[in-house]
Amino acid sequence: LELIPNMNDTERYVGDTYVVTCKGGDAVNSTWIGPDDKPIRETKGRKHVEERKDLSGNSLSLIFESIDRADRGNYTCTSNINGDFVRVSFKLIVVKPISFLGSFSEQNVTENTNQLVRCEVSGDPIPTIVWQMNNRHPKGDRYKTLPAGLYIANITHDDEGIYTCTAFQVTSKTSNYKAQTIRLFVLHKPRWPESNRSEGDTSYGYKGGVANITCQAHGRPLPEYSWSRYNQSLDPITTNVVTNDEKSVLQVKMINGSVLGEYTCEAKNGLGIIE
């Protein structure tokens with residue numbers, strides 16, 4: 001009595017098809033017994049048996065149309081050959097491959113908070129997770145790997161960047177890995193660039209011309225800009241404001257000395273305000 005293919009154990013993934021045949025020239029009354037020690041009698045369905053007879057002998061095939069994780073375990077074929085009770089067995093190892101749950105390719109966290117960079121992984125055996133942040137492993141007490149992702153305490157702007165969540169799965173026969181890349185954005189209130197305002201605190205113009213005063217701040221979400229003069233709204237006759245996503249430019253028409261003085265730019269988003 002032999003198994004075809006002939007092996008003591010075999011590893012298959014969830015969803016795979018697989019056929020193993022128990023064959024013996026004079027074998028009769030062959031039976032497949034599953035991991036629960038019960039005979040497999042079904043002749044149709046996801047897991048069933050099929051009997052064949054030909055010139056080379058009798059055979060009984062065990063057919064998995066779609067392997068399930070619950071199918072793992074030892075399978076034994078028993079037969080009667082010339083009055084002797086004979087048995088042969090194999091072990092089915094079932095692996096659930098690595099898969100990432102949900103799509104978290106872009107995530108937002110907020111500065112000065114404790115939050116989780118999400119990366120949820122399934123698989124059996126359970127995968128081991130390794131994190132990289134901007135091509136280096138995160139170090140320090142602020143970072144902790146949890147089943148649902150990477151926990152970061154007291155988030156700073158430096159935590160923004162590209163994260164890689166790599167899942168490693170090792171079985172008795174193989175090893176595998178799969179990675180997910182995450183773009184992390186740190187939400188923060190507006191702040192002036194290190195060079196302060198791009199054109200400094202003082203702007204100049206000539207009579208009859210136009211003076212441009214530029215206000216630029218970094219923030220996420222992008223800040224909204226507003227201008228005032230001595231806590232009053234601007235005169236639309238002498239001023240014009242041109243704003244895009246990066247900056248706001250106040251254009252002052254230099255008609256006479258009345259337009260000279262201090263102008264205030266305010267940059268704000270949902271997390272704060274600066275001026």
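**Reading the cross-links**

Tutor: Cysteine 215 and cysteine 265 form a disulfide, with their sulfur atoms 1.9 Å apart; a disulfide here is a pair of cysteine sulfur atoms within 2.5 Å. This is a predicted model, in which local features need pLDDT of at least 70 and side-chain atom pairs count only at pLDDT 80 or more, while totals for chains, interfaces and linings use all residues. Residues are numbered from 1 along each chain as its sequence is written, and side-chain values use heavy atoms, with hydrogens and water left out.

Student: Which hand does the disulfide of cysteine 215 and cysteine 265 have, and why?

Tutor: The disulfide of cysteine 215 and cysteine 265 is left-handed, because the torsion about its S-S bond is about -80 degrees. Cysteine 215 lies in strand E17 (residues 210–215) and cysteine 265 in strand E22 (residues 264–269), so the pair ties together parts that are 50 residues apart in sequence. Strands (E, at least two residues) and helices (H or I, at least four) are DSSP runs, numbered from the N terminus.

Student: Are cysteine 215 and cysteine 265 buried or exposed?

Tutor: Both cysteine 215 and cysteine 265 are buried, where buried means under 20% relative accessible area, exposed over 50%, and partly exposed in between, computed with a 1.4 Å probe on protein chains only.

Student: How many disulfides does the structure hold?

Tutor: The structure holds three disulfides. Another of them joins cysteine 22 to cysteine 77, with 2.0 Å between the sulfur atoms. Cysteine 22 sits in strand E3 (residues 18–24) and cysteine 77 in strand E7 (residues 73–81), so this pair ties together parts that are 55 residues apart in sequence. Cysteine 119 is likewise joined to cysteine 165, at 2.0 Å from S to S, and this link, with -80 degrees about the S-S bond, is left-handed. Cysteine 119 and cysteine 165 are buried. When the bonded cysteines of the chain are numbered in sequence order, the pairing reads 1-2, 3-4, 5-6.

**Reading the pockets**

Student: What is the general idea behind looking for a pocket?

Tutor: Rolling a probe the size of a water molecule over the atoms shows where empty space is left. On a 1 Å grid over the protein atoms alone, a cavity is a set of points where a 1.4 Å probe fits but cannot get out, whereas a pocket is an open set with protein on both sides within 12 Å along at least five of seven lines, and lining residues have an atom within 4 Å of a point. In this structure the largest pocket has a volume of about 440 Å³, a volume being the space filled by probe spheres set on the points, which are joined across faces, edges and corners.

Student: Which residues lie nearest the centre of the largest pocket?

Tutor: The largest pocket is lined by 22 residues, and Asp201, Ile213, Gly261, Glu262 and Tyr263 lie nearest its centre. Strand E17 gives the most to this lining, with four residues. By class, the lining of the largest pocket divides into eleven nonpolar, seven polar and four charged residues; Ala, Val, Leu, Ile, Met, Phe, Trp, Tyr, Cys and Pro count as nonpolar, Asp, Glu, Lys and Arg as charged, and the others, Gly among them, as polar.

Student: Where does the lining of the second largest pocket come from?

Tutor: Strand E4 (27–33) and strand E5 (47–54) each supply at least two residues of that lining. The second largest pocket has a volume of about 170 Å³, and its lining residues include Asn29, Arg41, Glu50 and Leu60.

**Reading the charged pairs**

Student: And what should I look for in a salt bridge?

Tutor: Side chains of opposite charge can pair when their charged atoms come close. The cut-off used here is a side-chain nitrogen of Lys or Arg within 4 Å of a carboxyl oxygen of Asp or Glu, and the structure holds ten salt bridges. In one of them, arginine 191 meets glutamate 111 at 2.9 Å, N to O. This pair links distant parts of the chain, 80 residues apart, with arginine 191 in strand E16 (residues 175–191) and glutamate 111 in the loop between strand E9 (106–110) and E10.
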